[in-house]
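Please examine the structure shown below with its sequence beside it.

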Amino acid sequence: GNFTPALIILLRKPWQRMHSAFWNYVHYARHYGASEDGELRWANESVVAFRQCERNFGTDHCALSFESLSRENEEVFYHCDQLIK
């Protein structure tokens, strides 16, 4: 028959995704420093920014529209992209 999937889901541990992103997308290491400390600063900044967004707007809104909800969110380096994915 003619099967068209409606939804494809890929599961991955969030910390593995963030770790891979930090070391494979050069803009993170350039901004925070190519070190474990730089990775930790980036991860902490992303989590703190997302939690603040959740307090202000709720989880669903932040996951779908993070950078468009406030100027503060828009200014977060790469808008918590890897945390949200």
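The sulfur of Cys 80 lies 7.9 Å from the closest cysteine sulfur, that of Cys 53, which is too far for a bond; a disulfide is counted when two cysteine sulfur atoms are within 2.5 Å. The model is a predicted one, in which local features need pLDDT of at least 70 and side-chain atom pairs count only at pLDDT 80 or more, while totals for chains, interfaces and linings use all residues. Residues are numbered from 1 along each chain as its sequence is written, and side-chain values use heavy atoms, leaving out hydrogens and water.

A disulfide is a covalent bond between the sulfur atoms of two cysteines. The whole structure contains one disulfide. Cys 53 and Cys 62 form it, with their sulfur atoms 2.0 Å apart. The link is left-handed, with -100° about the S-S bond. Cys 53 counts as buried at 0% relative accessibility, and Cys 62 is likewise buried at 0%.

Cys 53 is also among the buried residues of α3, including Trp 42, Phe 50 and Glu 54. Seen down the helix axis, the buried residues of α3 fall within an arc of 140°, so they line one face; the arc is taken from the directions from the helix axis to the C-beta atoms. The face turned away from this buried side carries the exposed residues Glu 36, Asp 37, Val 48 and Arg 55. Helices are DSSP runs of H or I with at least four residues, strands are runs of E with at least two, and both are numbered from the N terminus. After α3 comes Gly 58, whose phi is positive, near 95°.

Rings of Phe, Tyr and Trp (its six-membered ring) pair if their centres lie within 6.5 Å; planes under 30 degrees apart count as stacked, over 60 as edge-to-face and the rest as tilted. By this rule there are eight aromatic pairs. Tyr 28 and Trp 42 make a tilted pair, 4.4 Å centre to centre with 40° between the planes. This pair links helix α2, which holds Tyr 28, to helix α3, which holds Trp 42, 14 residues apart. Both Tyr 28 and Trp 42 are buried.

Note on methods:
Buried < 20%, exposed > 50% of the residue type's maximum accessible area, 1.4 Å probe, protein only.
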